[in-house]
Amino acid sequence: MSPNDTYYLPSTAAPKLEGLVDRIVARPGTFLDLKTLKEANAELDIKGVIPTLPEAISEEDFVGILKLAMLTECATDAYAAVFTEGATRYDAPWLARFNQQVWVPDEHTHYAPYKWMLQTLGYNEEELDNEVRSVQEREYEHCCGTTPVELTTYGLVQEYLTDHWHGLIGQLLKPAAPYAAQCAHAIKRRETLHTIWYRDMTAIQVEENPEMLGLVAETMRRFTMPGTRLVPEYGGKTMEWMANANVDYAHMGKELVRNFSEVAGTVRKTGELFLEATIRRGYKLGPFPPKMVRSVMNRLGGPGYGLIGEAILDKVGLPYPRSTGVTGRIRESLRNFIMARIDLRTVTGKTAS
Ligand SMILES: [Fe+2]
Ligand SMILES: [Fe+2]
């Protein structure tokens, strides 16, 4: 059977998801302390960073990178409204509770530090506030579906990429503005937690109903970062900036595959998810149309998916249980055949191109 796109969870799912949110609400970790940061304002001065930027990153690019962080983060309420609406429509009080009690108050602390940093570069506070307000007033159009599993999958990818963005800023700041770099890294750590939480929420839903892999794959296909829609003047430049900042795409690919394999739960299901996403993205898998590959895999009864799962994990350098002897050698040659035909963009989107 192929994963499908109808959202359904058995009644055993709710207590698990509520339990996860209980644990998050009880121990959300430490939010950013904006009062302390504001008092240390002088140390957020980042003027000295300009001469230390990598050659391919101009001052204008650097300002754009910071503004993209500030303007994407300031629109928290618009994203939260989409989550609340989906949680209400699909009766997922656990998701509404996480969103309102943890995620929103946490995210509300993420944009101000970048505003303060930009002020030290000579940008006027009132103008920055106006820019923030104008983005907050823009209509936010969500890229993906709004069932809970689509929302948590979206959250997983968006938080991972945002985590990466704050890390990139931290790296650029570090040589000349260590305090500001620490601040970017403190925000990054929050995004890391958000990624893990959304990953776990998605994994529980898939575990409770493996058919949900269809909606996970559909979200992988439709995903775009909110900044590309909400702040296209900066969001449209991220690929160029990432390339110029020498971002480690292989590492990003590996982390995304790791997260999705944890969502899928087993090597077989990782293969199934990957094949489903390949079909939906319209990519090829060797000489055969992926739909044909899927129908053959379904006839094989599943072990074929295991091979595809192994191939994708191997491709990014992640471990998986290996067979030994003749079986191991045959699996290896089949796996290598599949691996050579895998298009990593299935998982990473355009970032791998
Ligand atoms: Fe954030
Ligand atoms: Fe976040």
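Mentor: Happy to. Let's begin with what counts as touching: two residues are in contact if their C-beta atoms, placed from the backbone, lie within 7 Å. Helices (H or I, at least four residues) and strands (E, at least two) are DSSP runs, numbered from the N terminus. This is a predicted model, in which local features need pLDDT of at least 70 and side-chain atom pairs count only at pLDDT 80 or more, while totals for chains, interfaces and linings use all residues. Residues are numbered from 1 along each chain as its sequence is written, and chains are lettered from A and ligands numbered from 1 in the order in which they are written.

The part I would pick is the meeting of H9 with H14. On the H9 side, Arg199, Thr202, Ala203 and Val206 take part, and they meet Asn259, Glu262, Val263 and Ala264 in H14. By class, the contact of H9 with H14 holds four nonpolar, two polar and two charged residues. For these classes, Ala, Val, Leu, Ile, Met, Phe, Trp, Tyr, Cys and Pro count as nonpolar, Asp, Glu, Lys and Arg as charged, and the others, Gly among them, as polar. As for geometry, the axes of H9 and H14 (residues 249–264) come within 7 Å and cross at roughly 35°. Here axes are lines fitted to C-alpha atoms, for helices over the stretch in contact, with angles running from 0 to 180 degrees between N-to-C directions.

Asn246 lies in the loop between helix H13 (238–244) and H14, and its phi is near 55°, a positive value in a residue other than glycine. Asn246 counts as exposed because it has 12 C-beta neighbours inside 10 Å. The scale is simple: a residue is buried if 20 or more other C-beta atoms, placed from the backbone, lie within 10 Å of its own, exposed if 12 or fewer, and partly exposed in between. Asp91 gives you another case of positive phi in a residue other than glycine, with a value near 50°. Asp91 sits in the loop between helix H4 (76–89) and helix H5 (93–107), and it is exposed, with 12 other C-beta atoms within 10 Å.

Now step back to the domains. The domain assignment, automatic or from a database, gives domain 1 (13–247) and domain 2 (262–351). Their centres, taken over C-alpha atoms, are 31 Å apart. Domain 1 puts 15 residues into the contact, and domain 2 puts in 14. H9 turns up again here: helix H9 (178–208) and helix H10 (213–222) each supply at least two residues of the side of domain 1 that touches domain 2. H10 gives the largest share of that side, seven residues. Nine nonpolar, two polar and four charged residues make up the side of domain 1 that touches domain 2.

Apart from neighbours within four places in sequence, Ile169 is in contact with Ile65, Leu66, Ala69 and Ala184. In soluble globular proteins, nonpolar side chains tend to be buried together.

For the chain as a whole, you will find 19 helices and zero strands. The radius of gyration is 21 Å, close to the 20 Å that the globule rule gives for 353 residues, so the chain is as compact as a globular protein of that length; the radius is taken over C-alpha atoms, and the rule is 2.2 Å times the number of residues to the power 0.38. Along the principal axes, the C-alpha atoms fill a box of roughly 65 × 45 × 35 Å. Buried residues make up 42% of the 353 residues. Among contacts in the chain with a separation of 6 or more, 83% join residues 24 or more positions apart.
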